[in-house]
Amino acid sequence: MRTDTGHVFKLEDYRPSDYLILETSLVFRLSPEATRVTATLTIERRDGVVASAPLVLDGDGLTLIRVAIDGRELQPADFLATPDQLTISQAPAAPRFQLLIETEVAPAGNETLMGLYRSSSVYCTQCEAEGFRRITYFLDRPDILSVYTVRIEAKLDEAPLLLSNGNPAGSGDLADGWHYAVWHDPFPKPSYLFALVAGALGKVADSFVTLSGRTVELGIYVEPGKEWLAGYAMDALKRSMKWDEEAFGREYDLDVFNIVAVSDFNMGAMENKGLNIFNDKYVLADEETATDADFANIEAIIAHEYFHNWTGNRITCRDWFQLCLKEGLTVFRDHEFSADQRSRAVKRIAEVRTLRAHQFPEDQGPLAHPVRPRRYREINNFYTATVYEKGSEVVRMIRTILGAEAFRAGMDLYFERHDGEAATIEDFLKVFEDVSGRDLSQFALWYHQAGTPNLTVSSTHNPAAREFTLEIEQSVPPTPSESRKRLMHIPLAFGLVGADGRPVAYDGVEGATVEDGVIHIRKRRQVVRFSGVAERPAVSLNRGFSAPITLSVEQKADDQFFLAGHDSDSFSRWQAFNTLLTDALIAAFRQILGGKEPVYTARLSELAGKIAADEALEPAYRALALALPGEADIARDIGKGIDPDAILTAREALALAIAKANGQAFSSLYDRLADKGPFSPDAASAGRRALRNILLDYLALLPEGTELAARHFRSATNMTDRAAALTVLAHRHRGSPEAAKALADFEAKYGSDALVMDKWFQIQAGVPGPQTVETVRTLTKHAGFSMANPNRVRSLVGTFSSANQTGFHRPDGEGYRFFAETVLEVEKRNPQVAARLATALRSWRSLEPVRQAKAREALLTIAGAENLSADLRDIVERTLA
C-alpha cells in the first residue's frame with residue numbers, strides 16, 4: 001500500500017515521456033500465490049531525446065525476477081529496481097530496442113482490487129488509473145499508446161476461460177493439464193485499458209451486425225448458473241451499439257465484444273478495450289431480484305462503458321488532468337441514450353437531482369476542484385461528481401450554445417481528427433470553434449474554474465412602454481486555492497409565460513445576445529430588455545437546466561405556483577414546485593429552531609394533489625414531483641448551522657400535511673396503479689410503479705398506514721414493490737412488529753443472494769434516528785457482510801454515512817466515531833474504497849457547532865493514524881484544510 005503523499009502532480013508540469021512503447025507482448029503464467037508475468041516491450045526513443053537519457057518505468061509493489069535488453073540479460077549493476085520503480089540508467093544507443101521484464105505477483109492476496117487480483121476463484125484485472133504498474137514495470141501513463149498481444153496460461157480445471165483485450169488469436173493445450181489462449185488488440189491503447197479475466201464462468205452469447213455489415217460476436221460472462229440473469233444486459237448492449245451508430249455515427253471496430261461480471265470490484269464498471277469488466281450488480285437482473293432503478297442503471301452503465309470505445313479508448317486522454325474528456329463526455333452520451341430510450345423529461349430531472357445531491361456539495365466544500373483539475377496528489381480521488389456529472393453538463397452547454405447540427409459536426413471532426421490519439425480539453429474545444437466559427441475561450445472557464453455560479457435575477461414590467469426587463473448578476477463563490485473568480489459564459493434558457501400558459505411574444509431584445517430561447521450571460525451584470533410586451537409575464541429561467549448554476553430569483557410565490565401548474569418546459573415546471581417545497585421546508589426548519597411547530601400552507605398540499613392527479617403528466621414525472629427534497633438537499637440550501645434532526649422534523653411534518661390533505665385521492669390513485677399484468681422493466685411500467693410507491697410512502701403516514709405497507713410487502717410480485725414497502729416499514733414505522741417481520745422475511749427469502757442482501761443492508765442503514773448507528777455496528781458482524789467486498793461496504797457503511805443525516809450526524813458524535821473506526825479498518829484492505837467513504841464528511845463545516853466539533857474530531861482521528869494510504873490521507877487533509 002503506497003503511503004507516500006508528498007508529490008503533487010501539476011498540469012503545468014506535463015511533458016511527453018522520453019520513450020514510447022510501440023508494442024507490448026505479455027505472457028501470464030497464472031497461479032493464485034505466484035503469477036509470473038513476462039513483458040516484452042518494443043521501446044522507441046523520441047526524436048530529439050539524447051541517447052544517454054535514462055529509462056524510468058513505474059511499478060507498485062512488484063517483485064522483479066529478471067531484465068533483458070535485445071536478448072542480453074542485464075546484471076544488477078545495469079539497473080536499479082525497487083518495488084515501485086525500475087531505472088535503466090544507460091539505455092541502448094539504438095533508437096529502438098526490446099526490453100524484457102519478468103515479474104511475480106500474488107493475485108490471491110491482493111485485496112486492493114487493483115492490478116491483477118483473484119475474486120471468487122476468478123482472476124481479474126483493474127488497471128485504471130494506475131493499476132497496470134502492479135502487474136509489470138511500465139510507462140504507466142495515458143499518453144503511451146501501445147499495441148498489445150497477450151498470452152495467458154493457466155490450469156484448465158482452474159481457469160477454462162481465458163480472456164483479454166482485442167480479438168482471439170489462438171488457443172491450445174499444454175502439458176500437465178495447462179492450456180493457453182492468445183489475444184491481439186490491433187488498436188493502440190494506454191496501459192489503463194489492459195484487461196485479463198480467467199476462471200470458470202458461464203456465457204450468454206449473441207451477435208450484432210454493424211452498420212457496414214460486419215458481424216460482431218457478443219459475450220457476457222457471469223457466475224455459472226446465473227446466465228439467465230444477464231438477458232437484460234445483453235439487450236441493453238445491442239441497443240447501445242445501434243444507438244451509437246445512429247446518434248454519433250460510431251461503429252464498433254473489433255470482431256468480438258465481451259463483458260465479464262465479478263462480485264468484487266471497486267467501481268461500477270471498466271471500459272477496457274473489447275473486454276468490459278463490470279460489478280455484477282450492473283449486469284444481473286430479473287424482477288425477483290432487481291428494482292426498476294437497477295434495470296435503469298444496468299441499461300445506462302452498459303451503454304456508458306460501450307460508448308467509451310470511442311470516447312476514451314479510440315481517443316483517450318493525454319494525461320489524468322484530462323479525465324473529464326473521456327468521463328464527462330461519455331456521461332453526456334449515456335444520458336442522451338437513456339433519454340432516448342426512456343423519458344427525456346424524467347431523465348433530465350433525475351440527472352439534475354443527482355448533480356445537486358453530489359456535485360453541488362463538492363463545489364461548495366473543501367474538496368472543490370475544476371472539471372479539469374490543475375493539480376492532484378492521488379488521481380484515484382478525482383473520479384468525482386465534478387469530473388463526471390458537471391463534465392457532462394459542460395458538454396451539454398456546448399450543444400446548447402452551438403445548436404444540435406453544429407455540435408454533431410464538431411463531434412464528427414473530433415473523431416476524425418483525433419482518432420488514435422491522446423487528446424486534451426483544448427483539442428476538444430478547438431473542433432467546435434473550427435466548425436462553428438465561435439470563440440469559446442470564455443466558455444472554457446467551465447473546465448478551468450471550480451465552483452457553482454450563481455445568478456441573481458430580478459424583473460420589472462413597464463406596461464406603458466410595453467417593456468419587460470430582467471436584471472441579471474453573476475457571481476462565483478470562492479473555492480480552495482481560488483479566491484478570485486473570472487466571469488463565466490452562461491447559456492440561460494428562458495421563457496416568458498403568459499396568463500394562459502402560452503409563450504409571450506416580444507418584438508426585440510437589448511442588453512444581451514439572445515438566440516433560440518437562450519440568453520448568453522457573459523458579464524457580471526446584464527440588463528436585458530424585451531420590447532413589445534404588453535402584459536407582465538411569469539419568467540421561466542434555466543429551462544431544461546441549461547447551465548449547472550444556482551438561481552436567486554426575486555419572484556412572487558404566485559408566479560412559482562403558476563409555473564408549477566402551467567410552464568410548458570417540463571423541467572422548469574418540476575423546478576417551480578420543488579422550489580416551493582424547499583422554501584417551505586427551510587422556513588419550517590427555522591420555525592423549529594425557534595421553538596415553534598412547523599406550519600405549511602394548504603395551497604402547497606393542494607398543488608401536490610393536483611400534480612398527482614394530472615393524467616396529462618407521465619406517472620414517472622409525477623412521482624419525481626411528489627418526492628420531497630431530501631434532507632441533504634435542504635441542508636445544502638440552508639448553508640450553515642445545520643441541525644439534521646430539525647430538518648427531518650420539518651420534512652416529516654410536510655409529508656404528513658400533504659398526506660392528510662390528499663389521503664382519499666392518493667388512496668384511490670394508489671389502487672388504480674396496481675400492476676395488472678406480468679412484470680415489465682419498460683419505462684412506462686416503471687413509472688407507474690414509481691408513482692404508486694411514492695403514494696404508499698405518503699399513505700403510510702395515515703391511520704392504517706402500517707398495515708397498508710405490510711400488505712404491499714406481502715403482495716409484491718417484484719423487487720421494486722417489495723423493496724419500496726420494506727423501506728416504508730423500516731423508515732416510517734421503525735421498530736414496529738410489522739417492520740421487524742418484513743426485515744426477517746426478506747432476509748429468510750434472499751439471504752443467499754448477495755446483491756439482494758445489499759438492499760437489505762442499505763434499507764436498514766438508512767433508517768432515520770439516533771438508534772441506527774448501533775444497528776449498523778451490529779450489521780457489520782452479520783454473516784453476509786464483508787469489509788473486503790466494496791458492494792457490502794457501500795451498501796451499509798456508505799449508505800449510513802452519506803444518506804442518513806440524522807443517524808450519521810448524531811449529536812453525541814457516536815456516528816462519527818463508528819465511521820472513523822470503519823474507514824480505517826476498510827483502508828487496511830482497500831484504500832480507494834476507504835477514501836471514497838471519507839468524502840461523507842466533506843460538508844462538516846456546515847453543521848451546527850456541537851456536531852461540527854465532533855466531526856472534526858473524527859477526521860483528526862483518521863488523519864492521525866499510522867501508515868495512512870496516499871488515497872485516504874489526501875481526502876482527509878483536504879477536508880480539514
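Buried means under 20% relative accessible area, exposed over 50%, and partly exposed in between (1.4 Å probe, protein chains only). By that rule, helix 9 (residues 557-566) has Asp559, Gln560, Phe561, Phe562, Leu563 and Ala564 buried. This is a predicted model, in which local features need pLDDT of at least 70, side-chain atom pairs count only at pLDDT 80 or more, and totals for chains, interfaces and linings use all residues. Residues are numbered from 1 along each chain as its sequence is written, and side-chain values use heavy atoms, with hydrogens and water left out.

**Helices**

- Helices (H or I, at least four residues) and strands (E, at least two) are DSSP runs, numbered from the N terminus.
- The cover over the buried residues of helix 9 includes strand 27, strand 32 (538-541), helix 10 and helix 11 (602-613). Contact here means heavy atoms within 4.5 Å.
- Helix 3 (residues 323-341) has 19 residues and spans 27 Å from its first C-alpha to its last, close to the 27 Å expected at 1.5 Å a residue. The expected span is 1.5 Å times one less than the number of residues.
- Helix 3 is largely enclosed by the rest of the structure, because 17 of its 19 residues are buried.

**Ser572**

- Ser572 sits in helix 10 (residues 570-593). Its relative accessibility is 7%, so it counts as buried.
- Neighbours within four places in sequence aside, Ser572 is in contact with Ser540, Leu541, Asn542, Arg543, Gly544 and Asp567.

**Cysteines**

- The disulfide count is 0, where a disulfide is a pair of cysteine sulfur atoms within 2.5 Å.
- Cys124 is buried at 0% relative accessibility. Cys127 is also buried, at 0%.

**Aromatic pairs**

- The model has 40 aromatic pairs. Rings of Phe, Tyr and Trp (its six-membered ring) pair if their centres lie within 6.5 Å; planes under 30 degrees apart count as stacked, over 60 as edge-to-face and the rest as tilted.
- Tyr506 and Phe530 pair edge-to-face, at 4.9 Å centre to centre and 70° between the planes. Tyr506 is in the loop between strand 27 (490-497) and strand 28 (508-510), and Phe530 is in strand 31 (residues 525-531), so the pair ties together parts 24 residues apart in sequence.
- Tyr506 is partly exposed at 31%, whereas Phe530 is buried at 0%.
- Phe666 and Tyr698 have ring centres 5.7 Å apart and planes at 55°, so their pair is tilted. This pair links distant parts of the chain, with Phe666 in helix 14 (residues 644-672) and Tyr698 in helix 15 (residues 683-699), 32 residues apart.
- Phe666 is buried at 1%, and Tyr698 is buried at 3%.
- Trp243, Phe248, Tyr252, Phe257, Tyr306, Phe307 and Phe337 are linked by ring pairs into a cluster.

**Charges over rings**

- A charge sits over a ring if NZ of Lys or CZ of Arg is within 6 Å of the ring centre and within 35 degrees of the ring normal.
- Arg118 lies over the face of Tyr123, 4.9 Å from the ring centre.
- The charged end of Arg603 sits over the ring of Phe561, 4.0 Å from its centre. Phe561 is one of the buried residues of helix 9.
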